[in-house]
Each structure stands twice: as C-alpha cells, then as structure tokens.
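User: I am new to this structure and would like to know the grounds for each label used on it. Please show the structure, then take my questions in turn.

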Amino acid sequence: MSGNRVSKQKPCHHCKSRSPSAPPGTATIHYEKFWLYRHCSSVQQRDMQAQKAGQLFSGLLAMNVVFLGSAFISSMIFNHVAITLADVWILLSILKVLCLCWITYYLLGTSRQPHAVLYRDSHAGPIWIRGSVLLFGSFSILLNVFQIGYSAILMQCKSRVEIVFPSIEILFICTQALFLWHHSKDCIQVQHNFTRCGLMLTIATNLLLWLLAVTNDTIHMEIESQLREVEQRFEGKAPFPHPCNESAACTCPNTTICKVFQKGYILLYPFNTEYCLVCCSVLYVMWKNVGRRISQHHIPHIKPKFKLQGVVFGPLLGIIAVIIGICIFMLYQIQATGSAPNHQVFVMYYSYYIVLLPLMSVGAVIGTIIHALEKKELDTLKNPTRSLDVVLLMGAALGQIGMSYFSIVAIVATDPRDLLNSLILSHSVLLIFQNITQNIFIIDGLHRQPFTAAINARPTGHAGEQAVPSELPGEEETTSSSNQEHTEMKEEQNHEAYDQRRVNMLELGQEIRKVSLSYIHSYSHLSWKRRALREISFFLVLCNIILWVMPTFGAHPVFENGLEKSFYGYSTWFAIVNFGLPLGVFYRMHSVGGLLEVYVTA
C-alpha cells in the first residue's frame with residue numbers, strides 16, 4: 001500500500017540525481033550523508049556512521065541545553081538576587097519559541113516533502129499514550145489559566161512576566177499535543193539531522209519545564225503563608241497588617257475567586273509534570289525512529305486485539321479493589337477539603353494500601369513463575385518502543401521507591417512504634433517490593449512473542465458456535481407456529497402480537513445462551529497458564545488504575561501527614577514529593593499500558 005501511494009508522488013532531488021542504471025525501487029531509499037563520513041567504503045556503512053553521528057550531535061545539543069537550564073534553575077534556588085524566577089521564565093520562553101518554530105516547520109514543510117514518511121512504527125504512540133498527552137495537556141492548559149487568573153488578581157505586586165510565561169506555555173502545549181497526536185509514529189526519511197536536533201531541543205525544553213515544576217514552590221509557599229496568616233488572624237495572634245507590608249499588598253481582594261484559583265492550581269499541579277514526562281517519552285521514540293527503515297518481517301501481520309474472553313476472577317477482584325479505593329478516596333477528600341485530615345482517615349488510607357499491595361505482589365510473582373514455566377520464544381527483534389518501555393518502567397519506579405526510603409528513614413529516626421508511623425513504614429516497605437515484582441512481571445511479558453494458536457483455531461471455534469442454534473429446543477415449534485399464525489392472520493390478530501413478543505423473547509434467550517456458550521467455550525479451551533496470566537494481568541490493570549486515580553486527583557497523604565515534612569523541612573520534602581509523585585503517577589499509568597500488552601499477548 002505504501003509503495004503504491006509513494007509512486008504517485010513527485011520525485012525529490014535525491015531521486016533525480018540517482019544513476020540511470022539503478023533499479024526503480026531504490027528511488028524511495030535516501031541514505032544519510034554526513035561530512036565526517038564521506039569516504040566510507042559502502043553506502044550502507046556511510047549511512048550507519050552518519051546516523052550515529054547525527055544522534056551524537058543532537059544528543060550533545062540537548063545535553064548543553066539541559067545543563068544551561070539546570071544552572072539557571074539551581075542559581076535561582078540558591079541565589080534569589082542574582083537569578084530570579086523571571087530570568088528562568090525568559091530562558092524557557094525563548095526555548096519554547098524555538099521549539100514552536102521547529103514544530104511548525106515540521107508540520108508544514110518536512111512531513112509534506114515527497115517520500116518523507118515512508119514507514120510508520122506500529123508500536124510507537126499507542127492510543128493510550130496519545131490520549132494521555134491530550135488529557136494531561138488539557139489539565140496543564142487549565143493550570144496555566146488558573147495561574148494567569150491568580151496573577152491578574154494580584155497585578156499590583158506581580159510582574160507581567162508571570163502572565164506572559166503561562167500564555168506562551170498554553171500555545172506550546174497545544175502545538176506540541178497536535179504534533180504528537182498526528183506524527184508520533186513517523187519514521188522520517190528526509191532532513192535527518194535537522195529533525196533530530198529539533199526533537200532533542202523539544203525534549204530538553206520539556207525536561208527543564210519538569211525540573212522547574214519540581215523545584216519551584218513559590219506559589220505553594222505563598223498560598224500556605226496566606227492560609228497561615230488567615231488562621232492566625234482568626235485566632236487573634238497575628239499583628240495588624242502594615243500598609244507597606246508586601247504580604248498584605250499581595251492578599252487577594254476577592255477571597256472566593258482567589259480560593260478557586262488556589263485550589264485549582266494545587267489540584268492540577270501534578271498534571272503539568274506528568275505531561276512533560278509523557279511528551280519526553282514520545283519524542284524520544286520519534287528521535288530513535290528518524291531515518292529508520294522498517295522491513296517487512298518487522299510489521300505484524302496479525303495484531304492481537306483486546307478481548308474480555310477467558311477472565312472471570314481477575315476483573316471481579318479488581319472491581320472490588322476499585323470500588324473500595326474510590327470510597328476511601330472520597331472519604332479522604334471530604335476530610336481534606338473541609339479541614340486537616342484526622343488520624344482515622346490516614347489509618348484507613350494506609351490500611352487499604354497495606355492490604356492491596358501484597359495481593360498485587362503475590363500476583364506478579366505467580367505471573368513471573370508462569371512465564372518461566374512457559375515454552376514461549378523470546379521476541380528478539382529490534383523495537384525502540386519496547387526498549388523505551390523497559391527504561392521508563394525502571395526509571396519511573398525510582399520515584400516511589402525513593403520516596404519510600406526517605407519515609408523509612410524519617411519514621412525509624414522518630415517513633416516507629418506509633419500506630420500511624422508503623423502503618424506508613426509497612427506501606428513504604430510493601431510499595432518497594434510491589435514495584436520490583438511488577439516490573440519483573442511486565443518486562444518478562446513484553447519480551448514474549450504473542451500467542452498465535454488461538455488465531456489459527458478461530459474458524460473451528462466459530463463453526464462450533466454456529467452449531468449451537470440448531471441444538472436449542474423449541475426452534476422448530478416456534479417456526480411452525482409462526483407460519484400457522486401468518487396464514488390465519490385475519491382470524492387471530494389478537495394472538496399475533498403475543499406470539500411475536502414470545503418469538504422475540506425466545507430469540508433474545510437464544511442469543512444470550514449463544515454468547516454464554518461461546519464465552520464458556522473460549523474460557524474452557526484456554527490453557528491454565530494463559531488463563532492465569534490473563535487473570536493476573538487484568539487484576540493488576542484495575543489495581544494500577546485505582547492507584548493512579550488516588551494520587552492524581554488530590555490524595556497526597558505523603559505530604560499531608562506532616563511526619564516527613566517536619567523531619568526534612570518544607571522545602572526539602574516539597575522537592576522530594578514533586579520529584580517522586582509525578583514519577584509514581586507516570587509509573588502507574590505506564591504499567592497499565594504494559595499490563596494490557598501482556599494480557600493481549602498471553
């Protein structure tokens with residue numbers, strides 16, 4: 001299909017300059033050239049060396065940009081006078097404008113050139129990744145809208161940069177989300193080095209935005225200081241505000257709108273960091289696919305589809321875990337929004353985790369043992385998406401594991417015998433073990449070849465299913481009675497409607513029985529290993545979904561219980577939580593995609 005489509009396009013300057021004796025099929029292959037490797041012995045060797053050189057130079061560009069931005073952000077943290085937050089925003093705005101220029105050029109120029117996109121990576125940019133880009137991008141846009149509104153209300157003590165920076169951020173998020181939605185699968189075959197440098201510049205910009213979001217706690221500190229001042233005034237302990245006091249001048253004139261912007265900003269803050277991480281992963285796969293030529297045996301002829309056949313206990317236990325988790329999450333949110341959460345809510349929250357995490361760990365261990373017992377061949381083909389999935393799973397798990405170790409040290413150094421402290425300690429230990437076992441199970445499953453015996457046996461299954469209606473009782477009787485009623489339609493009009501309803505009910509019962517027999521047939525014909533893998537995978541999918549929902553939509557007991565915050569200090573623990581929490585949320589979301597792939601290929 002792609003060859004027919006490409007042949008209708010106009011030849012580019014590479015095709016015009018080729019030798020007349022070359023075969024016609026070579027017009028679509030453009031090997032890379034680089035000035036350092038002009039004198040290589042063969043075209044393929046020169047192409048490989050040029051590809052490595054292009055990746056090296058674009059990687060050096062990204063490394064220098066990241067180091068420059070990190071130096072600015074670190075200087076802002078340790079020296080507020082020399083480098084301010086506005087200076088960092090100006091640097092990031094310049095980088096975002098450069099990225100916008102390159103993305104616009106790619107959309108309007110590079111991707112529309114003849115033979116630019118000959119191949120598309122079927123594994124790159126799955127629908128759940130692109131959907132998460134749109135979801136987190138929408139929440140990030142709403143976050144910047146809240147930030148603009150909050151700064152506009154306090155315009156008398158805020159700089160104009162605090163309004164301009166979120167506006168450029170909104171434009172950057174919209175353009176990048178559109179770019180990733182339509183071109184995340186591209187294997188671009190023209191302008192290799194320029195495309196690599198543009199992708200690496202965009203990756204570096206997203207990394208710096210994530211780093212700034214992790215370390216910048218100015219608005220959080222401002223909101224907390226205002227809330228503390230309001231509480232002190234209510235208790236009669238705060239002094240009267242002086243007209244020249246900066247905190248008094250930066251108090252919101254309209255408390256209702258100010259509270260909406262403050263609550264919305266705090267609630268949506270993790271989505272921005274999540275958006276940056278997801279975009280970096282998709283852009284990295286695109287960078288690896290620049291100049292890649294996918295051979296025919298790399299393209300899957302039969303792609304496994306997601307079907308809810310052969311699973312019973314996994315969805316049942318997973319739905320129970322989701323329902324209980326939603327109830328606990330709602331109780332926690334009611335307590336957190338009304339006032340500070342009390343002791344019982346924390347006990348209930350951590351008890352839920354202590355019950356759920358061992359079940360997930362046991363399931364992952366059993367699944368890993370079944371993988372070892374299976375005689376499936378390993379998939380050894382080169383797959384950049386799968387390699388990135390493994391790296392992301394291992395790297396994202398470091399967020400929760402790191403936070404758990406920090407909590408363990410804080411609890412052991414204070415009072416581990418307290419009930420809440422012992423629950424937090426158990427939760428931290430179990431979380432580390434669960435992340436490790438689940439990573440082993442997912443990574444082992446991703447490297448297994450999909451099961452194809454069920455696809456080959458599908459016609460016989462359908463034949464057996466088609467034989468089911470002939471065995472159903474009462475079908476001949478219903479047909480004969482309906483024919484008799486048709487001949488005597490004028491005499492028995494009152495009975496016709498009743499018999500028609502009876503026929504419809506019988507047909508409905510036959511369809512239900514046919515579907516039930518088909519489901520039972522498919523379930524019974526699955527081997528116990530495949531059945532167990534599907535049950536475990538589906539159970540872990542639902543558990544990871546509820547463990548993704550709870551911290552994403554506002555349940556942050558690791559920051560609100562006060563233990564680690566009082567031990568490490570507000571700023572230090574804020575940076576640790578903002579580093580580990582988005583990685584933990586990203587890990588749960590990425591685990592869902594990996595587990596679904598394990599379920600489909602089982």
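**Labels and their grounds**

Analyst: Ala-124 is buried, with a relative accessible area of 0%. The label buried applies under 20% relative accessible area, exposed over 50%, and partly exposed in between, using a 1.4 Å probe and protein chains only. This is a predicted model, in which local features need pLDDT of at least 70 and side-chain atom pairs count only at pLDDT 80 or more, while totals for chains, interfaces and linings use all residues. Residues are numbered from 1 along each chain as its sequence is written, and side-chain values use heavy atoms, with hydrogens and water left out.

User: Where is the place of Ala-124?

Analyst: Ala-124 is in the loop between strand E1 (117-120) and H5. Such names come from DSSP runs numbered from the N terminus: helices are H or I with at least four residues, strands are E with at least two. The C-alpha atom of Ala-124 is separated by 9.2 Å from that of Asn-289, and the two residues are 165 apart along the chain.

User: What makes Lys-96 and Glu-169 a salt bridge?

Analyst: The closest N and O atoms of Lys-96 and Glu-169 are 2.6 Å apart. A salt bridge needs a side-chain nitrogen of Lys or Arg within 4 Å of a carboxyl oxygen of Asp or Glu, so the pair qualifies. The pair links distant parts of the chain, with Lys-96 in helix H4 (residues 85-108) and Glu-169 in helix H6 (residues 161-183), 73 residues apart. A search of the whole structure finds 1 salt bridge. In general, side chains of opposite charge can pair when their charged atoms come close.

User: Are Lys-96 and Glu-169 buried or exposed?

Analyst: Lys-96 has 0% relative accessibility and therefore counts as buried. Glu-169 has 3%, so it also counts as buried.

User: How do you know how many disulfides the structure holds?

Analyst: A disulfide is a pair of cysteine sulfur atoms within 2.5 Å, and the structure holds 0 of them. For Cys-101, the closest cysteine sulfur is that of Cys-99, at 9.2 Å, which is too far for a bond. Cys-101 counts as partly exposed because its relative accessibility is 48%. Cys-543, at 0%, counts as buried.

User: Why is the pair of Phe-139 and Phe-271 called tilted?

Analyst: Rings of Phe, Tyr and Trp (its six-membered ring) pair if their centres lie within 6.5 Å; planes under 30 degrees apart are stacked, over 60 edge-to-face, and the rest tilted. By this rule the count comes to 18 aromatic pairs. Phe-139 and Phe-271 are 4.3 Å centre to centre with 35 degrees between the planes, so the pair is tilted. Phe-139 lies in helix H5 (residues 127-153) and Phe-271 in helix H10 (residues 255-289), so the pair ties together parts 132 residues apart in sequence. Phe-271, at 2% relative accessibility, counts as buried.

User: What makes Tyr-332 and Tyr-349 an aromatic pair?

Analyst: The ring centres of Tyr-332 and Tyr-349 are 5.3 Å apart, and the 40 degrees between the planes make this pair tilted. Tyr-332 is in helix H11 (residues 313-338) and Tyr-349 in helix H12 (residues 343-373), so parts 17 residues apart in sequence are tied together. Tyr-332 counts as buried at 1% relative accessibility, and Tyr-349 is buried at 3%. Ring pairs link Tyr-332, Phe-346, Tyr-349, Tyr-350, Tyr-352 and Tyr-353 into a cluster.
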